[in-house]
Amino acid sequence: MPKGRYQGLVKDNDSGTMMECYVHPGIDYSRVPEMLETQRAFITERICLRAMSHIIHPPLRNFGILDSEKPGDAAARLLKIPGVAEADWTPQELSASLGAN
């Protein structure tokens, strides 16, 4: 910042560096928190339209993956779990997540 802009208004100090930032006339900076909250609420609403996190399935009973089971067989069993297929998991993705080559 040129020294003429602040000289006589602010105490001059050799060890400090005067800095400035541009304040855009079209932005109401006192309303930034409100604008961010409005944007966050909009994004959250849009996510809720597509998400299925509100659907709660009952807990599974004895549905563990057996050590002797092939990953492809395990993937087929996992797709039978309520909510897995609805979450757009494919047998290939499940096999890959189980460590199949």
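A contact is defined here as heavy atoms within 4.5 Å. By this criterion, residues 24 or more positions apart account for 16% of the contacts in the chain with a separation of 6 or more. The structure is a predicted model, in which local features need pLDDT of at least 70 and side-chain atom pairs count only at pLDDT 80 or more, while totals for chains, interfaces and linings use all residues. Residues are numbered from 1 along each chain as its sequence is written, and side-chain values use heavy atoms, with hydrogens and water left out.

The confidence of the predictor in each residue is expressed as pLDDT, on a scale from 0 to 100. The chain has a mean pLDDT of 79, and 82% of its residues reach 70 or more. Among the elements of the chain, the highest mean value, 94, belongs to helix 1, and the lowest, 75, to helix 2 (residues 71-79).

Secondary structure was assigned from DSSP runs numbered from the N terminus, with helices (H or I) of at least four residues and strands (E) of at least two. Three helices and zero strands were found in the chain, and the order of elements from the N terminus on is α-α-α.

The chain exposes about 9100 Å², of which carbon and sulfur atoms supply 57%. Residues were classed as buried under 20% relative accessible area, exposed over 50%, and partly exposed in between (1.4 Å probe, protein chains only). Of the 101 residues in the chain, 10% are buried.

A nonpolar surface patch is formed by Val23, Ile27, Tyr29 and Met35, which together have about 340 Å² of accessible area. Patches comprise residues with over 30% relative accessible area and no salt bridge, like charges being joined within 9 Å and nonpolar side chains (Val, Leu, Ile, Met, Phe, Trp, Tyr) within 5 Å.

A salt bridge was taken as a side-chain nitrogen of Lys or Arg within 4 Å of a carboxyl oxygen of Asp or Glu, and the structure holds one. The bridge joins Arg31 and Glu34, whose closest N and O atoms are 3.0 Å apart. Arg31 is partly exposed at 37% relative accessibility, and Glu34 is likewise partly exposed, at 46%.

Disulfides, defined as pairs of cysteine sulfur atoms within 2.5 Å, number zero by this rule. Cys21 is exposed at 65% relative accessibility, as is Cys48, with a relative accessible area of 51%.

Backbone geometry was examined next. Most residues other than glycine have a negative phi. Asp88, by contrast, has a positive phi near 70°. Asp88 is located in the loop between helix 2 and helix 3 (91-97) and is exposed, at 62% relative accessibility.

Two pairs of residues separated in sequence were also examined. Asp73, which lies in helix 2, is partly exposed, with a relative accessible area of 43%. In the second pair, Ile56 is situated in the loop between helix 1 and helix 2 and is exposed at 76% relative accessibility. Ile56 and Pro82 are 26 residues apart along the chain, and a distance of 9.7 Å separates their C-alpha atoms.

Key: Accessible areas come from the Shrake-Rupley method with a 1.4 Å probe; for residues, only the protein chains shown count as cover.
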